[in-house]
Amino acid sequence: MQYKFKAIALIILICVISGASQDSQELEAERSASLKLKGEHPLIALMRSKPSSLRPELVGVHPRVFLTQAEIESLKLKAQSQKDLWQTAMSSVRALKVEPAKPPAEERRAQNEVGIGMAEAAFAYKITGDKKYLQAAKEYMDAAVSYNVWGYSYNKPDVDLAAGHLLYGMGWSYDLLYNDLTPAERDKYRSKLIRQARLMYDFFKPKSGKSYAYSQNHTYIPITGLAIAAYALMGESPEANDWAALSRAIYDRVLATYSEDGYYYEGMEYWIFSTPWLIHYMDAQLHCAGEDLYKATPGLKLAHEYVAHATLPGGEFNFDFGDIYAGPVTRSRKGDDYERERINGHFRTNYNILYHLADRYSNPDAQGVADWLKSKGQVNAEEYWTFIWYNAAIKPTPIERQPRWHYFPDHDVVYWRSSWGDDATAFAFKAGPPEGHATEAKLKAFSDWRLSSGHAHPDAGSFIIWSKGRYLTGDSGYAGVPMTEHHNTVVIGGVGQSREGKGHDAFAGVPYAQLNKIALRDVKMSESGVSLDADLTAAYEPSVGVVNFVRQFEFKAPGEFLITDAIKTDRPQTITSFLHSDSSIVKASNGFDFEGGAKPDLFVEVLEPTLFDSVIGPNYLTAPGPPGSVDKGNREQRGVRLAISTKEPVNEARFKVRLTIRP
């Protein structure tokens with residue numbers, strides 16, 4: 001036992017030391033004052049002016065955060081009329097199946113599950129009246145009280161994601177169970193909530209020169225938790241009014257900087273993880289303060305388009321732009337990520353958010369996308385919200401009647417598929433700035449907004465191809481140190497895009513005005529094909545010497561792609577174009593066979609230049625490390641890759657590569 005504790009201490013020490021290299025940049029930005037921000041912080045005026053008080057009829061009433069007792073009584077009737085939804089919700093109450101993590105509970109996401117689990121059990125009790133759910137909820141709440149640190153003691157203790165989950169879970173549970181707790185129990189849970197909310201508030205409160213990563217989940221997940229705790233404790237703690245005011249002020253910026261076109265820049269894994277917290281805040285604000293923020297967030301109205309098109313045919317995987325799972329490892333149905341994101345073999349995607357958005361926006365298309373994902377066996381982290389949110393009066397647009405191709409103009413990403421069937425051919429192409437074109441103007445409008453785009457990748461001009469249940473070429477998944485060479489795009493003189501290789505955020509320090517010049521032009525999409533031009537010049541730092549780089553991407557149905565690169569540099573350099581495969585690339589007499597041995601496969605022909613060097617080899621990357629040390633993970637192979645290079649350094653290069661899906 002003594003050796004076990006020594007080992008744990010050593011692991012924590014290593015994390016502290018290694019975390020200094022990766023998160024020091026982010027933490028320094030969070031703690032340091034910006035010289036550009038002078039005078040009173042703009043959040044202070046927002047705290048004074050935006051609504052953050054309880055509606056009069058909710059003062060002194062519990063429950064109130066998301067539901068009143070009258071609304072709970074209505075849901076009891078719904079449980080009788082929507083029996084399938086209710087049974088699904090009750091079958092997944094984790095507090096009846098899994099003991100809460102014991103302190104210090106610093107395994108990855110262990111405390112997150114406790115936060116979600118206690119609220120789930122508390123809600124089940126309020127609908128059923130069954131004491132087993134009440135007891136289970138209190139066991140989870142007691143576990144949370146026992147955690148001296150909410151989160152990781154070695155990385156942003158008490159103010160990060162786990163703290164947000166636990167504030168949400170305990171605040172929501174305290175509100176639901178208020179009249180079922182003894183005075184001593186209320187005192188215990190209230191005291192813990194006040195302690196943790198106070199720590200969160202002190203960390204996020206505005207100070208002269210303080211900047212915020214408003215569009216990043218490490219900001220808005222904790223703030224959602226703070227808001228839930230605030231509305232649960234109003235009238236019992238005078239500080240709760242300040243917590244609610246700060247949450248509303250920060251969310252003013254969070255929603256203003258949200259995606260304009262529905263595309264989510266951090267990737268589909270983070271859409272799944274992060275979006276529920278936007279919804280939970282907006283719902284609590286609507287229910288408690290009477291303010292509807294959905295109308296001011298048009299990107300959420302378009303979220304179903306992103307989810308539908310980012311989902312690969314069959315519904316088991318996604319187009320993996322950005323930080324999403326482990327690429328070929330996950331697609332082979334192996335690895336920790338695959339197991340973690342499956343519940344009894346079913347992909348946990350939180351598609352139930354689309355049911356809620358369908359209701360909020362009276363959107364039958366969103367209802368249809370959610371129905372489609374449900375039919376594929378997908379599940380949700382909080383199934384009881386599916387029961388609450390689903391509105392049977394919204395008649396869905398069947399997925400087969402929805403468009404099969406889509407262009408996200410603010411992020412410059414294109415998706416196309418031959419059908420909504422499981423055996424469809426589907427592909428995507430990406431060539432925009434990391435957080436969308438609208439961000440440049442918003443950065444000027446919001447001087448206190450600090451970008452944190454590490455979950456996006458330096459991958460402008462990259463593409464992914466899938467056909468008949470097989471991933472034929474594409475991305476490498478979540479990387480601790482994202483590199484351009486991990487994608488189907490180009491490296492010049494051995495150097496990739498932006499400031500890759502210096503940590504998890506390849507875009508840190510790059511002027512957004514430069515990134516905003518990365519763009520698609522002349523996008524044409526139809527049943528028979530796709531054509532577009534991508535200006536990738538600005539994707540590379542000026543020191544790389546790229547004078548001009550345009551990639552033309554053409555597709556002709558059913559399965560032929562032509563990629564043409566015209567590149568000019570200010571000095572002779574070796575230029576290399578990469579293509580990736582999950583499992584195999586074999587050189588043939590007149591080309592290269594990707595994913596051969598089964599059908600379909602992808603045949604690659606290099607039409608220009610006539611003379612070139614080629615290397616087939618493993619695709620290595622730095623996998624994500626532990627929290628606080630994301631760029632310190634292990635070296636890991638993710639599939640194989642083909643590197644096509646000029647024979648010698650050149651000032652100008654033209655690549656023309658034809659890819660053909662062979663059925």
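In this predicted model, helix α8 (residues 183-204) packs against helix α9 (residues 217-233) at an angle of about 135°, and their axes lie 10 Å apart. The two helices, α8 and α9, are therefore oblique to each other, since an angle is classed as roughly antiparallel over 145 degrees and as roughly perpendicular from 65 to 115. The crossing of α8 past α9 is left-handed. On the α8 side, the contact is formed by R190, L193, I194, A197, M200, Y201 and F204. On the α9 side, H218, T219, P222, I223, L226, A229 and L233 take part. As a general point, an α-helix has 3.6 residues a turn, so residues three or four places apart point the same way.

Helix α17 spans residues 364-375 and contains 12 residues. From its first C-alpha to its last, α17 reaches 16 Å, close to the 16 Å expected at 1.5 Å a residue. The N-terminal end of α17 is capped by N363, a side-chain oxygen of which lies 2.9 Å from the backbone nitrogen of D365. After α17 comes G377, with a positive phi near 85°. Within α17, the buried residues are A366, Q367, G368, V369, A370, W372 and L373. The packing partners of these buried residues are α13 (303-310), α16 (352-361) and β4 (413-417).

T439 belongs to helix α19 (residues 439-445). The side chain of T439 reaches the backbone oxygen of E435 at 2.8 Å. When residues up to four places away in sequence are not counted, T439 touches W449, L451 and Y512. G628 is located in the loop between β17 (612-622) and β18 (635-646). Although G628 and S259 are 369 residues apart along the chain, their C-alpha atoms are separated by 26 Å.

The accessibility of both residues is set out below.

| Residue | Relative accessibility | Class |
|---|---|---|
| T439 | 3% | buried |
| G628 | 4% | buried |

Each class follows from the cut-off, because a residue counts as buried under 20% relative accessible area. T439, at 3%, is therefore buried, and G628, at 4%, is likewise buried.

How values were computed:
Residues are numbered from 1 along each chain as its sequence is written. This is a predicted model: local features need pLDDT of at least 70, side-chain atom pairs count only at pLDDT 80 or more; totals for chains, interfaces and linings use all residues. Side-chain values use heavy atoms; hydrogens and water are left out. Helices (H or I, at least four residues) and strands (E, at least two) are DSSP runs, numbered from the N terminus. Buried means under 20% relative accessible area, exposed over 50%, partly exposed in between (1.4 Å probe, protein chains only). A polar contact is a pair of N or O atoms within 3.5 Å; within protein, one must be able to donate a hydrogen and the other to accept it, and residues adjacent in sequence count only if both atoms are side-chain atoms. Contact means heavy atoms within 4.5 Å. The expected span of a helix is 1.5 Å times one less than its number of residues. Axes are lines fitted to C-alpha atoms, for helices over the stretch in contact, and angles run from 0 to 180 degrees between N-to-C directions. Angles under 35 degrees count as roughly parallel, over 145 as roughly antiparallel, 65 to 115 as roughly perpendicular and the rest as oblique. A crossing is left-handed if the near helix is turned anticlockwise from the far one by less than a right angle, and right-handed if clockwise.
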